[in-house]
Amino acid sequence: MIKDKIDIKSLDLSELKKLVESIGEKPFRAKQIYEWMHQKLVTDFDEMTNLSKNTREKLHQICVLTALKQIDVKISKIDGTRKYLFALNDGNVIESVLMKYKHGNSVCISSQVGCRMGCRFCASTLDGLERNLTPAEMLDQIYRIQKETGERVSNVVVMGSGEPLDNFQNLLKFIELITNEDGLQISQRNITVSTCGIVPNIYQLADKKLQITLALSLHAPNDKVRKTLMPIANAYPLSDVMKACDYYFEQTGRRMTFEYSLVSGVNDNEQEAKALSGLIGNRNCHINLIPVNPIKERDFVQSDRENIVNFKKLLEKNGINVTIRREMGRDIDGACGQLRKRYLDQKGDEQRAGM
Ligand code: SAH
């Protein structure tokens, strides 16, 4: 990030109007610039051909137009999932995933470079948090993918690297810009934000009364097991997390999704399925079972298929709405942060070898 320049792609239309006026331009220019950035998805002021050369020059001088550089893309032979590695202006690297479904194209974006939440099975958090992503950097993951594929992105899941509620203000701004009618205008209902459960921020998000889906990473039916998987469980007991989720549902009318990654011998036996049914009770919600995607730094093992199906059946018996998540792009380092981690490890090896 260039600190002394204005991050123009993170501005909303009213902020952009003020900026445009401050450089002596007519207010209507703001909408033109906004559309160039957020609808036509250009990456350079010089592409904004209905602005004078002089205006473009002024913008160059005081602003930075965030544009991610694609450094790699891996395409799954199994299901066409595409996993992108992007470089940010400061050289940091993030990853994003495009998943093609019958109902449309869905992009999974990162919200931070790295993560400080420390979940035991997750590759994104192994090296800690580097920094938050700006709203523009979150947007541009979607823009670059839409531009590259030439296909409309209809759904966004904030489930890549990072904890979105740990980058709260930028997340809100991102949602405002991606849903804006002068931009890609993705419906709030087609946006899902996944959190490990930062309780005060769930309340704050609920009070915004957005129509987005909130997904809560549960991964255990009780605090004892949850604490072994997720350090955040030491800060917020499950009883408080569930209360916050209920509040989210009350305020927004949006059914919660609970994510439960199944780890063999850790959280996948019958008692745990029963305890999970008890915890969920008759809440109007949806459970997403995720077979854990093993990472080489940890020795977690995926539950076998039979166990997973049994776990699902036990929940269904109790009237719970549950699906097993399809593993998209398993052949291309599909799990959060794995591609980036491999890239950084390789680069580190090369540097140590003096290449
Ligand atoms: N910080 C957010 C987003 C993380 S990624 C959160 O915690 O929800 C989205 C989901 O994938 C989370 O439920 C996360 O716990 C889960 N996840 C991360 N790594 C995984 C892995 N290797 N196998 C299975 N699920 C994983």
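Which backbone atom lies 3.4 Å from an oxygen atom of the ligand? A backbone N or O atom of Thr195 does. The model is predicted: local features need pLDDT of at least 70, side-chain atom pairs count only at pLDDT 80 or more, and totals for chains, interfaces and linings use all residues. Residues are numbered from 1 along each chain as its sequence is written, and side-chain values use heavy atoms, with hydrogens and water left out.

**Figure 1. Residues around the ligand.** The shell holds 18 residues, of which Glu163, Ser194, Ser217, His219 and Asn293 come nearest (a residue is near a molecule if one of its heavy atoms lies within 4 Å of it). By class, eight shell residues are nonpolar, eight are polar and two are charged. Here Ala, Val, Leu, Ile, Met, Phe, Trp, Tyr, Cys and Pro count as nonpolar, Asp, Glu, Lys and Arg as charged, and the others, Gly among them, as polar.

**Figure 2. Polar atoms facing the ligand.** A polar side-chain atom of Ser194 is 2.6 Å from a ligand oxygen atom. In the side chain of Glu259, an N or O atom lies 3.4 Å from an oxygen atom of the ligand. The protein covers 94% of the 530 Å² of accessible area that the ligand has on its own (Shrake-Rupley method, 1.4 Å probe; for residues, only the protein chains shown count as cover). Strand E10 (191–195) and strand E12 (256–262) are the elements that give two or more residues to the shell. Helices (H or I, at least four residues) and strands (E, at least two) are DSSP runs, numbered from the N terminus.

Figure 3. Thr195 lies in strand E10 and is buried, at 1% relative accessibility. Buried means under 20% relative accessible area, exposed over 50%, and partly exposed in between (1.4 Å probe, protein chains only). The side chains of Thr195 and Glu163 are joined by a polar contact of 2.8 Å. A polar contact is a pair of N or O atoms within 3.5 Å; within protein, one must be able to donate a hydrogen and the other to accept it, and residues adjacent in sequence count only if both atoms are side-chain atoms. The Thr195 side chain also reaches the backbone nitrogen of Gly197, at 3.0 Å. Leaving out residues up to four places away in sequence, Thr195 touches Glu163, Leu165, Ile202, Leu214, Ala215, Leu216 and Ser217 (contact means heavy atoms within 4.5 Å).

**Figure 4. Phe300 in its loop.** Phe300 sits in the loop between strand E13 (285–291) and helix H10 (305–317). Its relative accessible area is 17%, so Phe300 is buried. Apart from residues up to four places away in sequence, Phe300 touches Arg120, Phe121, Leu229, Val263, Val266 and Pro294. Gly265 is 35 residues from Phe300 in sequence and 9.1 Å from Phe300 in space, C-alpha to C-alpha.

**Figure 5. Pro200 in helix H6.** Pro200 belongs to helix H6 (residues 199–207). With 38% relative accessibility, Pro200 is partly exposed. The C-alpha atoms of Pro200 and Leu165 are 9.6 Å apart, and the two residues are 35 positions apart in sequence.

**Figure 6. The chain behind the close-ups.** The chain has eleven helices and 14 strands. Of its 355 residues, 54% are buried. Among contacts with a separation of 6 or more, 66% are between residues 24 or more positions apart.
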